[in-house]
Amino acid sequence: MISLPPDIYLPDRNNSKGYDVNDESTIQNIEKIFSSNSNNFNYKASSIINGSDVNGDFFDTFSPIDSSINLGKVSFASNSCINEAITAAYAAFPKWNIMHVHDRAKIIIKFAKLLEDNQEALLKICTLEAGK
């Protein structure tokens, strides 16, 4: 028997959920995501260094598809913020480098789960932000 996509790599690892764009229920679900009336998201985006938000001036950001769709506010990284991030990453690397591969994998798997848990919201916001 051929394994279904979520089970293809089991028991070694999970496979990503993904979307079957040829499946009618998937198409309806995607249409539902984009037909919701919520067009003001109120997201705030800024750099994160050592677990803390680094906020500068915030600017409203709108969808290039429709300028009435306010995606939220963004704070762009300054040169000093970029230098601080590079310094922090450089300082953190030795600890990451000696961390056991299983511990690193747990962190990456947790991040992947967060992406999947928020997949529908991310799909909508990324599409609206890109204008495609």
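The following exercises, with worked solutions, concern a predicted model. Local features need pLDDT of at least 70 and side-chain atom pairs count only at pLDDT 80 or more, while totals for chains, interfaces and linings use all residues. Residues are numbered from 1 along each chain as its sequence is written, and side-chain values use heavy atoms, with hydrogens and water left out.

**Exercise 1.** Determine what span helix H2 should have, and where H2 bends.

Solution. Helices are DSSP runs of H or I with at least four residues, numbered from the N terminus. The expected span is 1.5 Å times one less than the number of residues. At Ala92, H2 bends by about 35°, and Pro94 follows within four residues.

**Exercise 2.** Classify Gln119 and Asn22 as buried or exposed.

Solution. Buried means under 20% relative accessible area, exposed over 50%, and partly exposed in between (1.4 Å probe, protein chains only). Gln119, in helix H4 (residues 119-130), has 18% relative accessibility and therefore counts as buried. Asn22, in the segment before helix H1 (24-35), is exposed because its relative accessible area is 71%.

**Exercise 3.** Identify the contacts of Gln119, leaving aside its neighbours within four places in sequence.

Solution. Contact means heavy atoms within 4.5 Å. On that basis, Gln119 is in contact with Lys17, Gly18 and Tyr19.

How values were computed: Helix = DSSP H or I, 4+ residues; strand = E, 2+ residues; numbered from the N terminus. Bend = angle between axes of the 7 residues up to and from the residue.
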